[in-house]
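Me: I have a model open and want a quick tour. Can you take me through it?

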Amino acid sequence: MNKWFQSDIFLRFIAVVIAVIMWLTISDKITLLNNEKYSLKIPNVNIDFKYDKENFELFTKREKVDVTLIGSKIFLNFINQSSFDLFVDLRDKKEGVYTKVPIQIKGLMPNIKAFIQPPYVDLKLEKKIQKEFPVYLDIIGNLANGYSISKVSLKPSKVIVKGIKSKLDKITYVSVPVYLENLKDSVITKDVKVQVYGKEGIIDVDVYPKYVNVNIPILMTKEVFLKPNVVNNPTDGFTVEELRFKPNKVLVTGLKSYVEKMNFYSVKVDLSKFKKTTVVDIPLNSEKWLTKVLPKTVKLEIKLKKD
């Protein structure tokens, strides 16, 4: 008998019996756990409204609901708000008021039941209309002393605004904001997002195009000396003793890249018609890259002497 208990066959048999008993015990516990139902409440779950957003605007007082899930604890432990989606399908709906539209759910495992509270939503779809508006430049900040802006170019200068009629009726102006402080470039060229404003601030509407290209030349004003540029000398028998401008300085305004390199303002002087000392008025014409020269006229004292 002792030999039997000590044999390998008997020991293997006992091991198998113990394994079967353990498996049956665990299996019963798993089955019991699976059969026992638990609930999990997830509050404030967002609803995804599926509709034609380009042509309609949606109004509803309810954008979130509570969801209670019922199922086995094993599966519920792995579920959170990102495990499923709530949605309302309105893609076949036209303009109008809709009541008790069912909220649907997707993404849950088949053995999990969901209860949505409330299970429906009331809403309204309103059709969008469109209207063309001019775009204005909204300058924010100030340039440093001695700087200014030239003629502004906006492309396009008009945009299409799309939204429900009540919103379009509130529009006071459409603009693109440009910040001028700490600018170092001679020309501002950038694409700026269009903003639509009403009396109470920004209005949420669709804009086509969303961005407008802004081109703003930066002007610089600078004081420089006048310098005579003699194009014709005096007639034979006369030489120039002195040319003196009064005043001898002018304020020039023009593109920053051009003006900042100027050291003087050249004035063409034709001396061929003068035979004596005289004072004449010289008009100052703006050059290609200048927009303004002040004063517009200066006096030139011409001193001649006979050879």
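**Surface, fold and one residue**

Reply: The protein chain exposes about 20,600 Å², with 53% of it from carbon and sulfur atoms (Shrake-Rupley method, 1.4 Å probe).

Me: What kind of model is it, and what are the ground rules?

Reply: It is a predicted model: local features need pLDDT of at least 70 and side-chain atom pairs pLDDT 80 or more, while totals for chains, interfaces and linings use all residues. Residues are numbered from 1 along each chain as its sequence is written, and side-chain values use heavy atoms, leaving out hydrogens and water.

Me: How many helices and strands?

Reply: The protein chain has 5 helices and 24 strands. These are DSSP runs: H or I of at least four residues for helices, E of at least two for strands, numbered from the N terminus.

Me: Which strands make up the open sheet?

Reply: The order is β19-β24-β22, with antiparallel pairing (pairing takes at least two DSSP bridges). The edge strands are β19 (238-246) and β22 (278-283).

Me: How many bridges join β22 to β24?

Reply: 6 bridges. I282 stands opposite V298 in β24.

Me: New topic: V174. Buried or exposed?

Reply: V174 counts as buried because its relative accessibility is 1%. The cut-offs are under 20% for buried and over 50% for exposed, partly exposed in between (1.4 Å probe, protein chains only). V174 is in strand β13 (residues 171-179).

Me: What is V174 in contact with?

Reply: Leaving aside neighbours within four places in sequence, its contacts include F133, P134, V161 and V196. Contact means heavy atoms within 4.5 Å.
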